[in-house]
Amino acid sequence: MKNRKFERNRRLAKQYQRNRHDCQFEQGILIYHDYSERDQNELSWWDDVSFILGSVRVMVDWQHPRYVYHNLIDEAAHNAVPRLQQDKENKSWFSKPKYKKVGRSRKKVHYHTLQFSEDSKKWFAALSAEKARLRKEADFTLYPSMKVEMLPWCRYVTLVAPIEVRNAEELHKLADMVRRILKRETTLEAEFPDYTYGKAQWIADGLADQPD
């Protein structure tokens, strides 16, 4: 039995793509970022790319496992450090106006700067220290993963995979891999057999000693 929501969204996604004439697909993909000044030796973290498959736009939201690992550290640090209690009488931060002179005797607000209370400063210091500890000691295990949803405007793919994307050529390879997986010409398991990303990979990436 067909899924009515899926079929409806696929019909709407095809209609959406038919009516879009403002997107420039370069050699079959839609590139969202400029790589001209990108260091070709730096680590990759995340990226986005779109292509057309079966008259429907496929939107790929890709993350490297190291990026997910980084976010898990950030989440664990926030959970470990008690949050500040804030109320109207005792704010942990406040906005301080900076004025600009207008004429001889008048002034107006030019911009605001954030001023933090002593408790807030201590909280940030504790959070930074916990992140530094976790970058050295945390031990998560991550696997490649892929989730596909049919939305009213696209087929949305959330992908976690250990590839590097630092230029348009590598972005094409990412799009091609996802296309082949969706067409069932390959699988994520076949592309990355027995792959895991954990503490050893995090250290090998040189991220254990990186500043916050």
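Tutor: Begin with the term helix: here it is a DSSP run of H or I with at least four residues, and helices are numbered from the N terminus. Note also that this is a predicted model.

Student: Is Arg66 buried or exposed?

Tutor: A residue counts as buried under 20% relative accessible area. Arg66 has 3%, so Arg66 is buried.

Student: Which residues is Arg66 in contact with, leaving aside its neighbours within four places in sequence?

Tutor: Arg66 is in contact with Leu43, Ser44 and Trp45, with Glu164, and with Tyr197, Trp202, Asp205 and Leu207.

Student: Which other residues of H2 are buried?

Tutor: The general idea comes from the helical repeat: an α-helix has 3.6 residues a turn, so residues three or four places apart point the same way. In H2, the buried residues are Pro65, Arg66, Val68, Tyr69, Ile73 and Ala77. They pack against E3, helix H3 (118-137), E7 and helix H6 (199-204).

Student: How many residues does H2 have, and what is its reach?

Tutor: H2 has 16 residues, and its first and last C-alpha atoms are 22 Å apart, close to the 22 Å expected at 1.5 Å a residue.

Student: What is the strand order of the sheet?

Tutor: The sheet is open, with 5 strands in the order E1-E2-E3-E7-E6 and mixed pairing. To find the edges, look for strands with a single partner: E1 (29-31) and E6 (145-150) are such strands, so each has one side left without a neighbour in the sheet. From one strand to the next, the twist averages 20°.

Student: How do E3 and E7 run, and how many bridges join them?

Tutor: Strand E3 (residues 56-63) and strand E7 (residues 155-160) run parallel and are joined by 6 bridges. As one example, Gln63 has Val160 in E7 as its bridge partner.

Student: Which helices pack on these strands?

Tutor: Helix H1 (residues 4-19) touches E2 (46-53), E3 and E6, and its direction makes about 100° with that of E3. Helix H2 (residues 65-80) lies across E2, E3 and E7, at about 60° to E3.

Student: How do H2 and H3 cross?

Tutor: Their axes come within 9 Å and cross at roughly 135°, which makes H2 oblique to H3. The crossing is right-handed. On the H2 side, the contact is made by Ile73, Asp74, Ala76, Ala77, His78 and Ala80. H3 contributes Trp123, Leu127, Glu130, Lys131, Leu134 and Arg135.

Terms used:
Residues numbered from 1 in each chain as written. Predicted model: local features only at pLDDT ≥ 70, side-chain atom pairs only at ≥ 80, totals over all residues. Heavy atoms only, no water. Pairing = 2+ DSSP bridges. Helix = DSSP H or I, 4+ residues; strand = E, 2+ residues; numbered from the N terminus. Axes fitted to C-alpha atoms, helices over the stretch in contact; angles between N-to-C directions. Contact = heavy atoms within 4.5 Å. Buried < 20%, exposed > 50% of the residue type's maximum accessible area, 1.4 Å probe, protein only. Expected span 1.5 Å × (residues − 1). Parallel < 35°, antiparallel > 145°, perpendicular 65-115°, else oblique. Left-handed = near helix turned anticlockwise from the far one by under 90°.
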